[in-house]
Amino acid sequence: MKRILHVISSLGPGGASRAAIAIAKYSSRLETIRHSIVSLQDPTPEAVDLAGEAGMNFIRSSDPKDIRYEIEKADIVHLHWWNCPKVMEWMLSDLPEMRMLVWFHIAGDSSPQVITDEVVEYADMALASSPQSYRCGAFSRLPEQVRREKTDMVYDAADFHRLQGFSPKSHTGFNVGYIGTVDFIKMHPDYVKMSAAVDIPGVNFIVCGMGHTDVIEQQAQQLGAAQRFDVRGYVPDIIPVLEILDVYGYPLCEETYASGELNLQEVMLAGVPPVVFPYGGIKDLVQHEETGLVVNSSTEYKEAIEYLHHNPEVRAQLGQNAMKYAQRVFGAENAAHKLNPIYERMMQQPKRKRILSGSFVQHNGLTAEESGAQGGAELFIQSLADATTSSIFDTSLNGSDPEEVIASDEKIVAASHVLVHNGLRPYSSYFEKDGALHFWNGLAFYGNGEYDEAVQEFAQAIAHGCRHWRVKMFLALASLKGEGTAAQPLQTTGGSDSKSAQWLHELQRQAQGFHHDSTPGSEQPDLNGKQVAGQEKEQAQTDSSPVVAPESIPDQAPLVTAIVSAYNSERHMRGCLDDLTAQTISDRLEIVVVDSGSPQNEAEIVREYQQKHPNIKYIRTDERESVYAAWNRAIQVARGQFITNANTDDRHRRDAYEQMVDVLNQRPAVALAYANVYITKTDNETFEQHTRTGMFRWHDFDRAKLLEGCFMGPQPMWRRSLHEQYGYFDDSLESAGDWEFWLRIAETETFFHIDEFLGLYLESPSGIEHRDLQLSAKEGKAIQQKYRRRRARKLDDLLQSSRDHIDSGHLLEGLTTLSQLLYLEPEHFAGLCLVGDVCLQQGNLLEAETVWKQALALKPDNSELLEKIAKLSPNAKSDLSDRLGLARSMIRSGKLLRGLEVLSSVLETSPQNREALALMADVYNRLGKHDDAQQVLQLAEFAH
């Protein structure tokens, strides 16, 4: 009997884990082979259960000594390759003699997931998982004889038993499916846009998978196509989805790491024709016009789906061809027939020690905490292999020529989403003490406009020994461009007295001094040769813009300033000014119109109204600028206590401003008020007389919901003082600058929803949010990611601060910080658990149980929490459901003996509990005690 030990970075729901489990299942059916698997990082309980069902022995220990023992016992070690620091570190550790097979579950031609010469050399046998990965340089560079002996190609193994019982179902409409990672690290960046453009009545895009499902929904909503997208998240059983699909739309990004793609194999087996792009391994899985359609552009993708809709006979033929091809070529059974002879061939070789070759082997398998200042950075470079990409980071790390290193840094600033999130971020998180990795991570944040995050990373780089002048330069630039986070003490680097914080404050002072001493309007170049944003530039723009104002302005300061941005809006200007001057508080209203170089005659209309209304100001710029630049310009001259934006094509109820002012006056803690609006598609209607086509009834204020999309509406009112504290709108944005500002202030401020209809919104295809849908979606995604990270970091900091206070005995301070945490996130699981812990410390058992059960509602299967609750009153009948839940959780996670203990306590209280007896029988069966299981089942039959 051969013993195969599979090693994987993390056993979970992903394709590599499913392939490993499937190959073990079918391999052992062909001959006597014992398959075991070890996960270098924590596995998911579901994946462990799946491995067990397939007959695979899961090695529960992650202790290096235990893993070494398993390697020594194994005949062959089968490594499932994925470029991550844990795998690289394991390969560099002191491993015993073994036979090593490496199966690359990646396309292998795009950083960071590249098949390297060093790893192929490290293996006794190297397997590609698709023809594309087999064509990669690490394979093709081998001498032909070595290539034949040492390498082969085995498709990633899909378990086709998963589709047992599949039968196509009749359905309405035309369904186009997507199953897989829902993230643009995998998907084509135009997925939503090109899908929404498909011109088919009743088309429905069913999106299944883990990831950023909210981004898909948001983009669809922005495109006015939300009704076309059915976003379902992770779906454990894909059969009901496949049974109603007409086409499988699987467009991936150009830099995709996709190789054997198990979901595509399954879809083809189901007879659903795929439409794909020729990227990664996908181009070899689908034969154009034989088993599906391969397209090269967004337009071709749209046309291909429309073509299949209008030609059902072609669709059916492609589906039949795909099914036959999948049966003949794909699936774990076919893979096992090819892999088992490879195992047999490897058995003829002796076990041997091995060393991962390359320039950086002196890393010597140290853990992340023990690594030297740049061990992780060197390991990351080694993992890339792609000469172009690795040389960029190598030059940044080791280069001496200033122009060359800055050029490399600029390329890292512009690094792809895939390279950053699939390579750099995991290495930076793992090697926490590597200053160079923090520096590169900061450059990536800087390039994405996340300046506060960049400041944190640059400060971490300095704290961990990376003190090159470039780090300080970028730190100063990011500080200037950021929003103020940098000016605060850095908790992560030791507080305001830490060296990194001192660097930050000193460099910020120096940079600001240099900036303010420069001549107004003079240009100081940043990395891209553009002027550093600052007050001088803004002032220069303001000074160069002529302001035409009435001769007299009332001495009394206005209560509200309505800011109006005008461009090509002549047809709406009279209606806009009539609407504003008709407000019930018009005597306390200031109107500031900013004409952004419009070629139309808005100026004449405004001057006409100025003759009767001295509360109107008019500003014109020579060049067109963004709407948010115009708003900032107006806010800088505004005198009102409150600010509101008045779009030229929108209208208001006559008392709209009065209602919002009342809220802000009566509620000093409220920073912004917003109300519902009606929708029309007809120009220049009034609130009182309009052709209604819809309405926006907004959410009540919720910080978490605001991260999912903007619901302040087009006509909010806010306090002018907010701009003194939080700055102005980001004028580099085209359509999402208001959402970005609301998210910025919502981190510490409260908004109020007036649940009345106070406005009228003109829905127009020429509106800012519809003018460039791709740009709007890109801006929205970037903003959402930025503030999600900020929110998560703030919550983590509050939680850690609470723990620190409580651990040091300062319960009052800890509870105060916890209250801040739960104010921001009332359903914060860890925060609620900690409150329960404090209640228990104080002897308040009832309060502890109440809070823990509130937390348990968020994660019903959390075994640790279930056990805490069960221990409070182990003999109470009211706790039976809690202890049964704990037992189920223990059994699912493989803690069978602990599960038996909990079930025994349940049966002591309730001897005839049928659920407990059934669970106990299941545990006995799993332990191989079948006679005991039968006895318990007999008891269960008579229980009530």
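Because the model is predicted, local features are reported at pLDDT of at least 70 and side-chain atom pairs at pLDDT 80 or more, whereas totals for chains, interfaces and linings use all residues. Residues are numbered from 1 along each chain as its sequence is written, and side-chain values use heavy atoms, with hydrogens and water left out.

The description starts with an open sheet of 7 strands, ordered E3-E2-E1-E4-E5-E8-E9 and paired in parallel. Strands (E, at least two residues) and helices (H or I, at least four) are DSSP runs numbered from the N terminus, and two strands pair if DSSP finds at least two bridges between them. Isoleucine 4 has histidine 35 in E2 as its bridge partner.

Another open sheet has 6 strands in the order E12-E11-E10-E13-E14-E15, and its pairing is likewise parallel. Its edge strands are strand E12 (229-233) and E15, each pairing on one side only. Strand E10 (residues 174-179) is joined to E13 by 2 bridges in the parallel sense, and valine 176 has valine 247 in E13 as its bridge partner.

Two glutamates have positive phi values. Glutamate 261, a residue other than glycine, has a phi near 40 degrees and lies in the loop between strand E13 (247-250) and helix H12 (262-269). Is glutamate 261 buried or exposed? Glutamate 261 counts as buried because its relative accessibility is 10%, the class being set by a relative accessible area under 20%, with exposed meaning over 50% and partly exposed in between (1.4 Å probe, protein chains only). Glutamate 289 also has a positive phi, of about 65 degrees, although it is not a glycine. Its place is the loop between helix H13 (282-285) and strand E15 (293-294). At 55% relative accessibility, glutamate 289 counts as exposed.

Helix H10 (residues 213-222) is mostly covered, with 7 of its 10 residues buried. Among these buried residues are Thr213, Asp214, Val215 and Ile216. Just after H10, glycine 224 takes a positive phi of about 70 degrees.

Valine 560 and arginine 588 are 28 residues apart in sequence, and their C-alpha atoms are 6.6 Å apart in space.

Strand E25 (residues 750-762) pairs with strand E21 (residues 651-652) through 2 bridges in the antiparallel sense. Arginine 651 stands opposite leucine 760 in E25. With strand E22 (residues 670-680), by contrast, E25 pairs in the parallel sense over 10 bridges, and alanine 675 stands opposite isoleucine 754.

How many disulfides does the model contain? The count comes to 0 disulfides under the rule that a pair of cysteine sulfur atoms must lie within 2.5 Å. Cysteine 84 is buried because its relative accessibility is 8%. Cysteine 208, with a relative accessible area of 2%, is also buried.

The structure holds 4 cavities of 30 Å³ or more. On a 1 Å grid over the protein atoms alone, a cavity is a set of points where a 1.4 Å probe fits but cannot get out, and lining residues have an atom within 4 Å of a point. Grid points are joined across faces, edges and corners, and a volume is the space filled by probe spheres set on the points. The largest cavity contains about 140 Å³ of space. Helix H30 (703-706), helix H32 (737-746) and helix H34 (773-807) each supply at least two residues of its lining, and H34 gives the largest share, 5 residues. Residues lining this cavity include Arg703, Leu743, Tyr787 and Leu824. The lining divides into 7 nonpolar, no polar and 5 charged residues, where Ala, Val, Leu, Ile, Met, Phe, Trp, Tyr, Cys and Pro count as nonpolar, Asp, Glu, Lys and Arg as charged, and the others, Gly among them, as polar.

Note on methods: On a 1 Å grid over the protein atoms alone, a cavity is a set of points where a 1.4 Å probe fits but cannot get out, and a pocket is an open set with protein on both sides within 12 Å along at least five of seven lines; lining residues have an atom within 4 Å of a point.
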